[in-house]
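Me: I have a protein model open and want to learn how to read it. Where do I begin?

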Amino acid sequence: MSNTKGHMVYLNGEYLDLQKAKISVLDRGFLFGDSVYEVIPVYNHRPFAAKQHLDRLTKSLTAIHMDSPLDHDSWIEIFDRVLASSALTDKMLYIQVTRGAYPSRGHAIPDDVTPTVLVAALPTTRRYVLEGVNVITVKDQRWANCRIKATTLLPNVLAKDAAQRVSTHDAIFVKDGFALEGTASNLFMVKDNTVFTSPLSANILPGITRSIVIDILKTHHIAIEEKMITLDELKKADEIWLTGSVQEIVPVVLLDHCAVADGIVGPMWKRITRLYADRVEQETT
Ligand SMILES: Cc1ncc(COP(=O)(O)O)c(C=O)c1O
């Protein structure tokens, strides 16, 4: 890997060279996917919206009956140190907390297990998608607790792979006729100058970018409604966007190989993208 000289990760209280950081084969995150994670975008070597990400991490941990292993200030101190050691220009902070390693393999949650805690700065390829992307829809085959940011992402991996096998950028999960979210993004649709997004539920991840976009829309008095979006409505949208911490706000111009409206990025996307960039700049410079 390039650019990793002096690149330290935090693992269980230690700062280690990325190549030397190792976990046990008995780690429950490895064996069962008994773990949760966060991805925090980094601009100007500073984490963006760190508090929201840490709050969501605590919620994910609570949902799997774990306490946060560190307090807010300790996390921030670790982020600063890990970021300071990284020479990468485009990077994100990756945080994973697993239940930890235990000598015997069994599903039951042991009382006396110490969590595995990893914080690493990893490279991103933030692509500023100005021309829009091509996405397909796929049947949602995920579990019933998608609000937890769990590392068990096999359905997401396979949906992304299905998209790439037909030379498209990504896939949108559809369940019972409703379009829910992307494989690593939330879904927005514009129709007649109103912006719509799927409401928070156990079927989607409460995206931090989603909440920031909603806040920006409200601040600028742009109509925003959180409501279930049918696949039929999505097909008739004026604009479709996918939002995520690293990818930001991605315009979709082809859905299931058909043009979204006239097949070019829309004016609302152009506006909200500028406002989002302003928000990032305000908070990271
Ligand atoms: C399934 C899913 N939905 C939505 C998102 C977007 O969340 P955020 O904006 O917090 O990155 C992600 C991010 O990885 C995701 O995996």
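**Reading the model, feature by feature**

Reply: Begin with the pocket lining. In this predicted model, helix α4 gives the largest share of the lining of the largest pocket, 4 residues.

Me: How many residues line the largest pocket, and which lie nearest its centre?

Reply: The lining has 42 residues. Nearest the centre are Y37, T183, A184, S185 and Q247. The elements that each give two or more residues to this lining are β3 (35-43), α2 (50-63), β5 (91-98), α4 (154-165), β9 (178-182), α5 (208-219) and β14 (239-244).

Me: What is the idea behind finding empty space?

Reply: Rolling a probe the size of a water molecule over the atoms shows where empty space is left. Here, the largest pocket holds about 1100 Å³ of space.

Me: What classes of residue make up the lining of the largest pocket?

Reply: Sort the lining by class. There are 18 nonpolar, 16 polar and 8 charged residues.

Me: Why does the largest pocket lie between domain 1 and domain 2?

Reply: Look at who supplies the lining. Both domain 1 and domain 2 give residues to the lining of the largest pocket, so the pocket lies between them.

Me: A cavity is another kind of space. How many cavities of 30 Å³ or more are there?

Reply: The count is 1 cavity of 30 Å³ or more. The largest cavity has a volume of about 50 Å³. Its lining is D238, E239, I240, W241, P251, V252, V253, V260, I264, V265, G266 and W269. Strands β14 and β15 (248-255) are the elements that give two or more residues to that lining. By class, the lining of the largest cavity has 9 nonpolar, 1 polar and 2 charged residues.

Me: Now single residues. Is I272 buried or exposed?

Reply: Use the cut-off: buried means under 20% relative accessible area. I272 has 1% relative accessibility, so I272 counts as buried. I272 sits in helix α7 (residues 267-284).

Me: Which residues is I272 in contact with, leaving aside its neighbours within four places in sequence?

Reply: I272 is in contact with V213, I216, L217, W241 and I249. Take I249 from that list. I272 and I249 are 23 residues apart in sequence, and their C-alpha atoms are 8.4 Å apart in space.

Me: Where is T98, and is T98 buried or exposed?

Reply: T98 is found in strand β5. Its relative accessibility is 4%, so T98 counts as buried. Not counting residues up to four places away in sequence, T98 touches D27, G29, D34, S35, M66, P115 and T116. T98 and E248 are 150 residues apart in sequence and 27 Å apart in space, C-alpha to C-alpha.

Me: Is D111 buried or exposed?

Reply: The cut-off for exposed is over 50%. D111 has a relative accessible area of 81%, so D111 is exposed. D111 is found in the loop between β5 and β6 (116-123). D111 and S24 are 87 residues apart along the chain, with 18 Å between their C-alpha atoms.

Me: How do I read phi?

Reply: Most residues other than glycine have a negative phi, and most peptide bonds are trans. Two residues here deserve a check. A49 has a positive phi, near 60°. D192 also has a positive phi, near 50°.

Me: Where are A49 and D192, and is each buried or exposed?

Reply: A49 is in the loop between β4 (46-47) and α2. With a relative accessible area of 7%, A49 is buried. D192 is in the loop between β10 (186-191) and β11 (194-197). At 58% relative accessibility, D192 counts as exposed.

Me: Last, the cysteines. How many disulfides does the structure hold?

Reply: The structure holds 0 disulfides. C146, at 7% relative accessibility, counts as buried. C258, at 48% relative accessibility, counts as partly exposed.

Terms used. Residues numbered from 1 in each chain as written. Predicted model: local features only at pLDDT ≥ 70, side-chain atom pairs only at ≥ 80, totals over all residues. Heavy atoms only, no water. 1 Å grid on protein atoms, 1.4 Å probe; cavity = no way out; pocket = protein on both sides within 12 Å on 5 of 7 lines; lining within 4 Å. Points joined across faces, edges and corners; volume = space filled by probe spheres on them. Nonpolar A, V, L, I, M, F, W, Y, C, P; charged D, E, K, R; others polar. Domains from an automatic or database assignment. Disulfide = S-S within 2.5 Å. Buried < 20%, exposed > 50% of the residue type's maximum accessible area, 1.4 Å probe, protein only. Contact = heavy atoms within 4.5 Å.
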